[in-house]
Amino acid sequence: MVDMRLHIALPSDDIDFRFIEREANTSFFSIQNKSGIQRAIDPSDSNFLEALLITYQGKSVSDFRFCDVRLLTQLIAVVEDYYLSAKKTISEDIYGLGVITIGLRQTGENKLLLTAVKDGNTIVQAELPEKEWIDKLFALCREYFSCLIQYGIAESFHTKQLSVICEYEKRYKDTYRKNLG
């Protein structure tokens, strides 16, 4: 079973990425932490560091190093490029505070190899059930943007982001997923 949690923080020069696990306790908030987010984040902010924590079958697949500005929306765009690709393998750079190279490759029936390389270091490398991971990624994105809208944070911007995510998800389900069987 794939489980994903998202934590956010404001981009800051004070965050020391060499010791990101230690920084996570003081700089990052779970998206369910409404009061913490509302205290720390200005309602007009729309640019956050997003750390995606993934576990699969109880084992950690990613940690707070899998973090960058607007990581989720960029990851969804890579997923869209992947399922529109005839090769079923893709590697793309996403840009935020740094560069993360995301790789997606079909490794077997309904299996997907997810890799992420940052500053020359592999920070994610895991084979995951394709449909389950992509479905959970879309669900997490919907939850994230819905929470930010509910918390009153850049409502117009996040409403547009939610709309884009829903459009990508519909296209995924209508065109690609039905071919997975």
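Is G103 buried or exposed? In this predicted model, where local features require pLDDT of at least 70, side-chain atom pairs count only at pLDDT 80 or more, and totals for chains, interfaces and linings use all residues, G103 counts as buried because its relative accessibility is 9%. Residues are numbered from 1 along each chain as its sequence is written, and side-chain values use heavy atoms, with hydrogens and water left out. Buried denotes a relative accessible area under 20%, exposed over 50%, and partly exposed the range in between, computed with a 1.4 Å probe on protein chains only. G103 is part of strand β7 (residues 99-108); helices (H or I, at least four residues) and strands (E, at least two) are DSSP runs numbered from the N terminus. Apart from residues up to four places away in sequence, G103 touches I90, S91, L113, L114 and T115, a contact being heavy atoms within 4.5 Å. Between G103 and R39 the C-alpha to C-alpha distance is 36 Å, at a sequence separation of 64 residues.

Strand β3 (49-56) is largely enclosed by the rest of the structure, because seven of its eight residues are buried. Strands are taken to pair if DSSP finds at least two bridges between them. Strand β1 (residues 2-9) runs antiparallel to β3 and is joined to it by eight bridges, with L6 having L52 as its bridge partner in β3. β3 and β5 are also antiparallel, joined by three bridges, and A51 stands opposite C67 in β5. The pairing of β3 with β4 is antiparallel over two bridges; here Y56 has K59 in β4 as its bridge partner.

The hairpin of β3 and β4 has two residues between the strands, and Q57 takes a positive phi near 50° there. Most residues other than glycine have a negative phi. Q57 counts as exposed, since its relative accessibility is 56%. R70, likewise not a glycine, has a positive phi of about 50°. R70 lies in the loop between β5 (67-69) and α3 and is partly exposed, with a relative accessible area of 29%. A further hairpin is formed by β8 and β9, with two residues between the strands and a positive phi near 55° at D119. Strands β8 (residues 111-118) and β9 (residues 121-129) pair in the antiparallel sense over eight bridges, and K111 stands opposite P129 in β9.

The largest nonpolar core contains 52 residues, and L52, F66, I102, L104 and W133 have the most contacts inside it. Its largest share, ten residues, is contributed by helix α4 (residues 130-150). A second, separate core has nine residues, among them A9, A24, A51 and V69. A nonpolar core is a set of buried Ala, Val, Leu, Ile, Met, Phe, Trp, Tyr and Cys residues joined through side-chain atoms within 4.5 Å. Leaving out residues up to four places away in sequence, F66 touches E50, A51, L52, I54, L71, L75, I100, I102, A116, I123 and V124.

A search of the whole structure gives four aromatic pairs. Rings of Phe, Tyr and Trp (its six-membered ring) pair if their centres lie within 6.5 Å, with planes under 30 degrees apart counted as stacked, over 60 as edge-to-face and the rest as tilted. The pair of Y83 and Y172 is tilted, because the ring centres are 5.2 Å apart and the planes are at 55°. Y83 lies in helix α3 (residues 71-84) and Y172 in helix α5 (residues 155-180), so this pair ties together parts that are 89 residues apart in sequence. Both Y83 and Y172 are buried. The pair of Y144 and F145 is also tilted, with 4.9 Å centre to centre and 40° between the planes, and both of these residues are buried. Ring pairs link Y83, F138 and Y172 into a cluster.

One cavity of 30 Å³ or more is found, and the volume of the largest cavity is about 40 Å³. A cavity is a set of points, on a 1 Å grid over the protein atoms alone, where a 1.4 Å probe fits but cannot get out; lining residues have an atom within 4 Å of a point. Grid points are joined across faces, edges and corners, and the volume is the space filled by probe spheres set on the points. The lining of the largest cavity consists of S46, F48, E50, R70, T73, Y144, F145, F157, H158 and Q161. The elements giving two or more residues to this lining are α4 and α5, and the largest share, three residues, comes from α5.

Note on methods:
On a 1 Å grid over the protein atoms alone, a cavity is a set of points where a 1.4 Å probe fits but cannot get out, and a pocket is an open set with protein on both sides within 12 Å along at least five of seven lines; lining residues have an atom within 4 Å of a point.
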